[in-house]
Amino acid sequence: MNDIERAYTQHAKDVYRYLLSLSHNEDLAEDLTQETFFRAIRTMSNYDGSCKLSVWLCQIAKHIWYQWLEKHSRFKQVEFNDDMPGYESPERSTLLRMEKTALYKAIHSLPEPMRELVHMRLTGEFTFAEIGEILGKNENWARTMYYRSKQKIMKEMEKLT
């Protein structure tokens, strides 16, 4: 088994989960994971070993994600509707929609490292150790930043609601 096959076997799942946490779309995350490894093959000579291979791959994945966003006109608004699970009444649905909108606005108002950390933790289900490794920090930093992020989100939610 050559180096890239070994890297794919060991790290593809982590790269996929990272991209899923960013994109919230399984098919897109799978496509971008493949693109990540394709680019890794082309630029393997640039990998100098100064960081873990998984971190290097996630950095490539992040750049691919940013390129995809630019190509597809950045963030598209998702409208919430009454067909969502848990529908009780029009009033309850409206309140739920307002709360979700406020939550997403609060998350979006976070500075970049915090926003990315919250997305990875909530949607990618990464551990704090994995988040720290991906972002080039340690587990304690990830825990502290997540706690601070939650505090900022709660303050922002109070303003928005």
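Predicted model: local features only at pLDDT ≥ 70, side-chain atom pairs only at ≥ 80, totals over all residues.

User: What makes up the fold, helices or strands?

Analyst: The protein chain has 7 helices and 0 strands. Read from the N terminus, its elements follow the order α-α-α-α-α-α-α. Of the 161 residues in the chain, 34% are buried. As for contacts between residues at least 6 apart in sequence, 61% of them join residues at least 24 apart.

User: What about helix 2 and helix 3: why are they described as oblique?

Analyst: These two helices pack at an angle of about 120°, and their axes are 9 Å apart. The roughly perpendicular class ends at 115 and roughly antiparallel starts over 145. An angle of about 120° lies between those limits, and helix 2 and helix 3 are therefore oblique to each other. Helix 2 passes helix 3 in a right-handed crossing. Among the residues that meet here are Leu-28, Leu-32 and Phe-37 of helix 2, and Ile-60, Ile-64 and Trp-68 of helix 3. The contact of helix 2 with helix 3 has 11 nonpolar, 2 polar and 2 charged residues.

User: And what makes helix 1 and helix 5 roughly perpendicular?

Analyst: Their axes come within 8 Å and cross at roughly 110°. The roughly perpendicular class takes angles from 65 to 115, and the crossing at roughly 110° falls inside it, so helix 1 and helix 5 are roughly perpendicular to each other. This crossing, too, is described as right-handed. Tyr-18, Ser-21 and Leu-22 of helix 1 meet Glu-116, His-119 and Met-120 of helix 5. That contact has 3 nonpolar, 2 polar and 1 charged residues.

User: How many residues does the largest nonpolar core have, and which have the most contacts inside it?

Analyst: The largest nonpolar core has 37 residues, and Val-15, Tyr-18, Leu-19, Trp-65 and Ile-153 have the most contacts inside it. Helix 1, helix 2, helix 3, helix 4, helix 5, helix 6 and helix 7 each supply at least two of its residues. Helix 3 gives the most, with 8 residues. As for Trp-65, beyond residues up to four places away in sequence, this residue touches Leu-19, Leu-22, Ser-23, Leu-28 and Leu-32.

User: How do you know whether Ser-149 is buried or exposed?

Analyst: Buried means under 20% relative accessible area. Ser-149 has 0% relative accessibility, so this residue counts as buried. Ser-149 sits in helix 7. Leaving aside neighbours within four places in sequence, Ser-149 is in contact with Leu-110, Met-114 and Val-118.

User: Why are His-119 and His-24 called partly exposed?

Analyst: Partly exposed lies between the buried class, under 20%, and the exposed class, over 50%. His-119 comes in at 22% and therefore counts as partly exposed. His-24, at 46%, also counts as partly exposed.

User: Where are these two residues, and what does His-119 contact?

Analyst: His-119 lies in helix 5, and His-24 is in the loop between helix 1 and helix 2. With neighbours within four places in sequence left aside, His-119 is in contact with Ser-21, His-24, Ile-107 and Gly-124. His-119 and Ser-23 are 96 residues apart in sequence and 9.5 Å apart in space, C-alpha to C-alpha. His-24 also has a phi near 60°, a positive value in a residue other than glycine.

Terms used:
Residues numbered from 1 in each chain as written. Heavy atoms only, no water. Core = buried A, V, L, I, M, F, W, Y, C linked by side-chain atoms within 4.5 Å. Buried < 20%, exposed > 50% of the residue type's maximum accessible area, 1.4 Å probe, protein only. Helix = DSSP H or I, 4+ residues; strand = E, 2+ residues; numbered from the N terminus. Contact = heavy atoms within 4.5 Å. Axes fitted to C-alpha atoms, helices over the stretch in contact; angles between N-to-C directions. Parallel < 35°, antiparallel > 145°, perpendicular 65-115°, else oblique. Left-handed = near helix turned anticlockwise from the far one by under 90°. Nonpolar A, V, L, I, M, F, W, Y, C, P; charged D, E, K, R; others polar.
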